Amino acid sequence: MPELLEVRDLHTQFFTRDGIVRAVDGVSFTLAAGETLGIVGESGCGKSVTALSLMRLIPQPPGKITQGEILFDGRDVLKMDDDEVRGIRGNAIAMIFQDPMTSLNPVLTISRQVSEALELHLKMDRNESRKRTIELLELVGIPSAKSRLDDYPHQFSGGMRQRVMIAMALSCNPKLILADEPTTALDVTIQAQILDLLKNLAREFRTAFILITHDLGVVAGMTQRIHVMYGGHIVEKADTNELFANPKHPYTWGLLRSIPRLDQTRREKLRPIEGLPPDLIAPPPGCRFAPRCQYKRDICDEKPPELVAVPNAKADHESRCWGTQTGGWLTTTDWRTDTTVFTKVEA
Amino acid sequence: MGRYLARRLLLLVPTLLGVSVIVFLFIRLIPGDPATAILRESATAAQVAELNAKLGFDRPLPVQYLEYMGRIVRGDLGESFHTRLTVVDQLKQKLPATMELALSAMIIATVAGVLLGILAAMRRGSILDYGTMTLALVGVSMPIFWLGLMLIYAFAVNLHWLPPSTRGEPPELVRTGLYTLDYLAALDANGFLDTLRHLALPGFVLATVPLAVIARQTRSAMLEVLGQDFVRTARSKGLRQQTVIARHVLKNAMLPVITVVGLQTGALLSGAVLTETVFSWPGMGTYVLEAILARDYTVVQSVVLVFAFIFVMVNLIVDLSYAWLDPRIKYA
C-alpha cells in the first residue's frame, strides 16, 4: 500500500523567553491511505503540536518547524507555498479540535461555518453548499438538520457541536482527518457516541485518521496502530492489539497501570506515574523517561536510546528503551505480574 | 425586543430628571449670577438685586425648578433672558452644526481607529504596531484646544491650505442643516468641497481622542479574538488570512469596540465645546459656552438636557447593536 503520509524526523520548536522548547523532537511515522493511527501521551508530550505541524498551523512566532519532512501524497508540506498549504487544509487534510465549545465561531451560523470549506475548495455556490451542509449534518446525526442550519453554536449541546465539527471536517472528503482529543471535553456518555461516529464515517469514506488522546482507553477499539509519545519523542510503536497485549516501554506500562479497572479490588489504589513530564527546554540527556522510570539503570541517564525493534514481539513493534531492547534487562518482564511497581521512585 | 425598548425609553424619564436637578443646582453654584453678568462689575448691589428679582431668580429654588420643569414637559425649552431668543429656535440652527462636526469626527475616528487597530494587531510587535500605539497615546494625552490652535497655525495661517474657522457659506436652501447633505442635494460640488475643507481641521481635532481610544481598543480586542480556538478552526479550513480576519475575527472583536465608540460619542459632546470655541464653529458648544459665561441659566439647563438625551440615545443604540452583532445576546 503506498503511504499517504510520511513524517520524517520532524522537529517543531517554540522560541520563548526562557529558551527553546523542543515540543516535537525528531518524530517519524507513516500512515497508509485509509489507515487509522492513535497517538497517545500525556499533556505536553508533543502530540497536538505534531498534528498542528502536519497542517502547518503552528503559530509562528513563537513556534517553528525547524527540521524534517512531511510527505503528504508524495509532496513535502513543509516546502509548499502558502497557497498550496491552504489548498490542502480543510480539503485533503481536515482537523477536529478538542473543545467544541470554543472551536466554533459564536457569531456565525452553523451552515455558514460548515459551508465555508465547500465554497472554498469545491467551488460550490451558496445553494449547493447549503444542500450539501444539510446532507453532512444528517450524516453526523443531527436531528432535523434542515431547520437547524441557521442556528448558532450556542443553541447546540457539546456533543452536537462536536458532530458539527466532524461534519465540517468531512465536508470536502479529506484523505486524512486529524482528531485532536475530540472527546476530552465531552460527557462520558457522549464520548462513545462521537468515537463510534468518527470510526464508522472514516470506514465508510475510507478516510485515514490520526486520533490524538491522552487516554489509552479511547484508542483501544478505534485505531489499527498506536504510537506512544513522551517528551517530544515517539517512545513506542505497535499494532493496537500488540501494544495492549505486549507493551514494551515502561512509560506505556505506567499508562496502562493508571487505567482504573472494574475487576480490581477496592483496596487497590490507582497507580499514577510518579514525577513530572520532562522540561522540554533542557530535556534529560539520556532517556527522557529515565527520571520517572522505576526500572532505570545508569545507561538510561547517560545515553538516549533509539527507537528500535524489540525482541519477543511482532516485527513492527518498536520501543525507545535500553531495558526492552535486545540485550536489555526488561526483555522478559511482564508489567502485569511485576511486583517492583509497588516501590516508589524518587522523583 | 419591543418591551426592552419600551423599558429603556421609560428609563429616560428618571435619567433626565436627575440630570435636570444636577444641572439646575450646579449652574447656580458657579460664582456670579445673571444680573451681574448683564450689568457688569460696576453695577451696585441694589441694581443687581432688582434685576435678578425682575428675571425671577430671587424666588426659592424649588419654585424656580418646578416652574422650569413645568415648561419643559410642555415641550418649551425656554428662552435666553439675555437675547430673548428661544432655545428651540437656537437649537434648530446650532444642533445641525454640531451634529455635522461630531458625525465627521466620529466617522474619521471610527474608520481610522478600527483600521489602525487591526493593522497594529496583525503586525503585533512591529514598528507599525509601536508607532500606532505611541501615536494613540499622544492622541489621548493631547489637549485638543492646543492641537486645534497648532493646526490652525500650520495649515491655515502658514500654508493657507485650509480655512481657519467657521462652517463656510451656508447653502441657499437649508433643508437638513448639515451643509454637506444640503450641498449634495443641491448638486453643488463647489459648495460641498468648501464645506468639507471647513470641516477638515475641526473634524480631525475632535476625532483625535476617540480615534486613539478606538485604535487601542480595536487592537486589544483583535489580539484577544485572534488567540481563540475558532480562529484556528477557520485557518484549518484553508481560509486566507484576510477572510479569517474579515469573517471570523472582526465581528467578534467589534463588540468592545462598539462600546467604546458609544462612550466616545458621549465624550465628543464635551470635546465639541472646546473644538467649536477654537474654530468659531457656530454650534452647541459655542452656544452653551456663551450661555455659561452669561449665566444664562435656562439655556444652560436646556442644552445640557439635550446633551443628556443624545447621550442616553447613543447608549441605547450601542446596546441594541450588541444583539445584532452577537446572537447570544437577546433582549426581552
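**Salt bridges, interface, spaces**

I start inside chain A, where the side chains of Glu69(A) and Arg8(A) meet in a salt bridge at 2.8 Å, N to O. By salt bridge I mean a side-chain nitrogen of Lys or Arg within 4 Å of a carboxyl oxygen of Asp or Glu. Glu69(A) sits in strand β4 of chain A and Arg8(A) in strand β1 (residues 3–16) of chain A, so the pair ties together parts that are 61 residues apart in sequence. Helices (H or I, at least four residues) and strands (E, at least two) are DSSP runs, numbered from the N terminus. Over all chains, the count by this rule is 28 salt bridges.

Some housekeeping. This is a predicted model: local features need pLDDT of at least 70, side-chain atom pairs count only at pLDDT 80 or more, and totals for chains, interfaces and linings use all residues. Residues are numbered from 1 along each chain as its sequence is written, chains are lettered from A and ligands numbered from 1 in the order in which they are written, and side-chain values use heavy atoms, with hydrogens and water left out.

Chain B next. Its secondary structure comes to 13 helices and zero strands. The C-alpha trace of chain B spans about 80 × 55 × 40 Å along its principal axes.

About 2,100 Å² is buried between chain A and chain B, and carbon and sulfur atoms give 58% of that. Buried area here is the accessible area (1.4 Å probe) that two parts lose on being put together, summed over both. On the chain A side, Arg86(A), Val107(A) and Glu116(A) lose the most area to chain B, together 27% of what that side buries.

Glu116(A) comes up again: its side chain meets that of Arg247(B) in a salt bridge, 2.8 Å from N to O. The rule finds three salt bridges across the interface of chain A and chain B. Ala, Val, Leu, Ile, Met, Phe, Trp, Tyr, Cys and Pro count as nonpolar, Asp, Glu, Lys and Arg as charged, and the others, Gly among them, as polar.

The largest pocket holds about 1,100 Å³. A pocket is an open set of points on a 1 Å grid over the protein atoms alone, with protein on both sides within 12 Å along at least five of seven lines, and lining residues have an atom within 4 Å of a point; a cavity is a set where a 1.4 Å probe fits but cannot get out. Grid points are joined across faces, edges and corners, and a volume is the space filled by probe spheres set on the points.

Which residues lie nearest the centre of the largest pocket? They are Ile58(A), Pro59(A), Gln60(A), Arg235(B) and Gln241(B), out of 31 lining residues. The largest share of that lining, five residues, comes from β4(A), the strand that holds Glu69(A).

There are also three cavities of 30 Å³ or more, and the largest cavity has about 80 Å³ of space. Of the 15 residues that line the largest cavity, Pro250(A), Cys287(A), Cys293(A), Cys300(A) and Cys321(A) are the closest to its centre. Its lining divides into twelve nonpolar, two polar and one charged.
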